[in-house]
Amino acid sequence: MVSVIELKGKGSEKLPMLKKADIQVNTGLNGLSWVLSWFAQLYDSRIPTSVWIRCQLALAEGFTNAVRHAHKGKPADLPVDIQVAVFAESLEIKIWDSGDPFDLEKKIKDISEKVDVHSPGGRGLKLIKDIADSISYERTADGRNCLSIVKNYSSCIDDRK
């Protein structure tokens, strides 16, 4: 199963990679602080602060969704793998989980139709979609799922809002 949602933004051409890093975290929401601390070390001054903060939020939502939903009821030592690649004008976040696959487009559509503003959760995928320029979700050959989040940005020094 492959779900791809292409949104606004540039084509698929990529500029040179500036940084790339991987982390593996055991299932559990207490791992979020490790993930965010690790992510902070990847910051590059060419990335506008507003873009960085939104990408941090998308990463946090993606990780917590993997823990809360994909790994619900699974062993605490089941890993969530994360990879971040920083390019001159885009940032790519990949999150792998070992849960059951689902239809990303359908799930986002369902979330959009059933928004409960009083609910403490349930809007993470919609939020990720709103932040990203493209997202995809696919089942990998090793039986895991990979959520890919791409955010394009201009590395203009004056755009630091």
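**Salt bridges, helices and strands in a predicted model**

User: Which residues are linked in a network of salt bridges?

Analyst: In this predicted model, a network of salt bridges links Asp81, Asp142 and Arg144.

User: How many salt bridges are there by this rule?

Analyst: The count comes to 6 salt bridges. One of them joins Arg144 to Asp81, with the closest N and O atoms 2.4 Å apart.

User: What does the pair of Arg144 and Asp81 tie together?

Analyst: Arg144 sits in the loop between β5 (134–139) and β6 (145–152), while Asp81 belongs to strand β3, so the pair ties together parts that are 63 residues apart in sequence.

User: Is Asp81 buried or exposed? And what about Arg144?

Analyst: Asp81 has a relative accessible area of 15% and is therefore buried, since the cut-off for that class is under 20%. Arg144, at 21%, is partly exposed.

User: Why can side chains pair in this way at all?

Analyst: Side chains of opposite charge can pair when their charged atoms come close.

User: Which residue forms a salt bridge with Lys126?

Analyst: Asp130 does, and the closest N and O atoms of the pair are 3.1 Å apart. Both residues lie in helix α4, 4 residues apart, about one turn of the helix. Asp130 is partly exposed, with a relative accessible area of 42%. Lys126 is also partly exposed, with a value of 26%.

User: Where are Lys151 and Asp133, the other pair that meets in a salt bridge?

Analyst: Lys151 is in strand β6 and Asp133 in the loop between α4 and β5, so this pair links distant parts of the chain, 18 residues apart. The N to O distance of their salt bridge is 3.9 Å. Lys151 is buried, with a relative accessible area of 10%, and Asp133 counts as buried at 6%.

User: Back to α4. Which of its residues are buried?

Analyst: Helix α4 covers residues 124–131, and its buried residues are Gly124, Leu125, Ile128 and Ile131. Seen down the axis of α4, these fall within an arc of 125°, so they line one face of the helix.

User: And in α1, which residues are buried?

Analyst: In helix α1, residues 32–40, the buried ones are Leu32, Val35, Trp38 and Phe39. They cover an arc of only 130° around the axis, which puts them on the same side of α1. On the other side of α1, Ser33 and Trp34 are exposed.

User: What covers the buried residues of α1?

Analyst: The covering elements include β2 (17–26), α2 (49–70), β3 (79–87) and β4 (90–97).

User: How are β3 and β4 joined?

Analyst: These two strands run antiparallel, with 6 bridges between them. A hairpin of 2 residues connects β3 to β4. Within this pairing, Ile82 has Ile95 of β4 as its bridge partner.

User: Which strand pairs with β4 over 8 bridges?

Analyst: Strand β6 does, in the antiparallel sense. Here Ile95 has Leu147 of β6 as its bridge partner.

User: How many residues of β4 are buried?

Analyst: The number is 7 of the 8 residues, so β4 is largely enclosed by the rest of the structure.

User: What does Ser148 of β6 have around it?

Analyst: Ser148 lies in strand β6 and is buried, with a relative accessible area of 10%. Leaving aside neighbours within four places in sequence, Ser148 is in contact with Glu92, Ile93, Lys94, Ser134, Ile135 and Ser136.

User: New topic: how many residues has the largest nonpolar core?

Analyst: This core has 37 residues, and those with the most contacts inside it are Ile82, Val84 and Leu91. Helix α2 supplies the largest share, 9 residues.

User: What does Leu91 touch?

Analyst: Not counting residues up to four places away in sequence, Leu91 touches a set of residues that includes Phe39, Trp52, Val84, Ile149 and Tyr153.

User: Last point: what is the mean pLDDT of the chain, and where does pLDDT stay under 50?

Analyst: The mean is 85, and 79% of the residues reach 70 or more. Over residues 1–12, pLDDT stays under 50, and the model has 37 contacts beyond four places in sequence for that stretch. Where pLDDT is low, the predicted coordinates should not be read in detail.

Terms used:
Residues are numbered from 1 along each chain as its sequence is written. This is a predicted model: local features need pLDDT of at least 70, side-chain atom pairs count only at pLDDT 80 or more; totals for chains, interfaces and linings use all residues. Side-chain values use heavy atoms; hydrogens and water are left out. Buried means under 20% relative accessible area, exposed over 50%, partly exposed in between (1.4 Å probe, protein chains only). The arc is that of the directions from the helix axis to the C-beta atoms. Contact means heavy atoms within 4.5 Å. pLDDT is the predictor's confidence in each residue, from 0 to 100. A salt bridge is a side-chain nitrogen of Lys or Arg within 4 Å of a carboxyl oxygen of Asp or Glu. A nonpolar core is a set of buried Ala, Val, Leu, Ile, Met, Phe, Trp, Tyr and Cys residues joined through side-chain atoms within 4.5 Å. Two strands pair if DSSP finds at least two bridges between them.
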